[in-house]
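Colleague: I would like to go through this model and hear what each term rests on.
Modeller: Go ahead; here it is.

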Amino acid sequence: IDTILFKSRPVGEPTLDNFEFTQEETAELKDGQLRVKAAYISVDPYLRGRMSAAKSYIPPFEVGKPLLSGMVAEVIESKNEGFKKGEFVSGMLPWKTEQVVATEGLQKVDPNLAPLSAYLGIIGMTGLTAYLGLHEIGKPKEGETLVVSGAAGAVGSVVGQIGKILGLRVIGIAGSDEKTAMLKSKFGFDATINYKTTENMQQAIAEAAPNGVDIYFDNVGGPISDAVLFNINRFARMIICGAISVYNNTEIPTGVAVQPFLVKNSALMQGFIVSNYAAKFPEVAKQLANWLQQEKLTYTETVVEGFKNTPQAFLDMMNGKNKGKMVVKV
Ligand code: NDP
């Protein structure tokens, strides 16, 4: 069995040296357990947080132990009545090509309802994040203006589409012309901004949002988010979902002070963690699956082939090489 261990904590940008490949023997299968074979592995920005020793909402990875993330796996042997050989499950699992697992925390997934990789993206964690962040904190109302950063990624591309379903004007910020073109042609965004080629972001946002910004879905933090602040409306809501632009920082990032903007506009800025809303997952996953079936929602993903390419896929996602959800097909 091939395994990927967390070899060392990155300082600044992670590299392949932070990962180590090993092999281990197959474990004995005990009553109640399953032997599963990895099918798809999710690589996500929050893994960068777990690579650091700092305290957060989930514990740091331990050096010398396998990394873990969302995975879809096939049951290849079962000693549990609830699961049959040939079925698929999803859950947070260590990066191993094969493993013996207890069934707690695993969900069955049906490859006939949606492609297996979709359970890691649009109808999985990132889709839930998009829906719940936008609804629970964004409280969208028809006709309002929504700005999404990280718009061409897994979460952002779904946020924008839900915004359109709800009748919002949607503006997406992403890191290449290819991505901004896709936001308009595939996902129906009204306006887009390439932050890498735009000199004055504050002005570009003002032009794209002539009525100001009512909701900001923030995936990136940093200077992009600073520029949005200058354009918020009274009673604006800002969903702080992620801050990927500063995840590799070794010093505390600085930026404009948010307080005057919040006071002046009676605006709300709130951090968001999807797991706080776990009670709503089944209902929201069903809604997302329905929209997908009705073709009101669509998605794209970047699929990297081969277990051994999992670390590189993670590094590439952090550098924006993905469109939509980045997954590894084992
Ligand atoms: P994405 O699919 O969006 O991939 C990451 C993207 O971030 C890249 O494609 C890249 O796109 C962009 N990016 C990288 N560096 C920068 C930078 N310096 N400035 C601006 N953009 C940058 O990942 P996810 O959709 O999985 O996650 C998006 C965000 O949501 C992350 O911040 C993540 O931590 C957060 N998240 C939070 C959850 C929660 O519960 N709070 C749950 C899930 C995700 P580009 O080419 O446009 O730069």
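Colleague: Into which domains is the protein divided?

Modeller: Domain 1 covers 2–121 + 300–329 and domain 2 covers 125–275; the bounds come from an automatic or database domain assignment. The model is predicted, local features need pLDDT of at least 70, side-chain atom pairs count only at pLDDT 80 or more, and totals for chains, interfaces and linings use all residues. Residues are numbered from 1 along each chain as its sequence is written.

Colleague: What makes residues of domain 1 and domain 2 count as in contact, and how many are there?

Modeller: Two residues are in contact if their C-beta atoms, placed from the backbone, lie within 7 Å. By that criterion, 15 residues of domain 1 are in contact with 17 residues of domain 2. On the domain 1 side, they divide into three nonpolar, eight polar and four charged. Here Ala, Val, Leu, Ile, Met, Phe, Trp, Tyr, Cys and Pro count as nonpolar, Asp, Glu, Lys and Arg as charged, and the others, Gly among them, as polar. The centres of the two domains, taken over C-alpha atoms, are 29 Å apart.

Colleague: Which residues are closest to the ligand, and how many surround it?

Modeller: The shell has 29 residues, and the closest are Gly153, Ala154, Gly175, Gly242 and Gly320. A residue is near a molecule if its C-beta atom, placed from the backbone, lies within 6 Å of it. The shell divides into 15 nonpolar, twelve polar and two charged, and each of domain 1 and domain 2 provides at least three of its residues.

Colleague: Which helix gives the most to that shell?

Modeller: H3, with three residues. Helix H3 is 154–165; helices (H or I, at least four residues) and strands (E, at least two) are DSSP runs, numbered from the N terminus.

Colleague: Why is H3 called largely enclosed?

Modeller: A residue is buried if 20 or more other C-beta atoms lie within 10 Å of its own, exposed if 12 or fewer, and partly exposed in between, with C-beta atoms placed from the backbone. Ten of the twelve residues of H3 are buried, so the helix is largely enclosed by the rest of the structure. Among the buried ones are Ala154, Val158 and Ile162. Their cover includes H2, strand E8 (145–149) and helix H4 (177–185).
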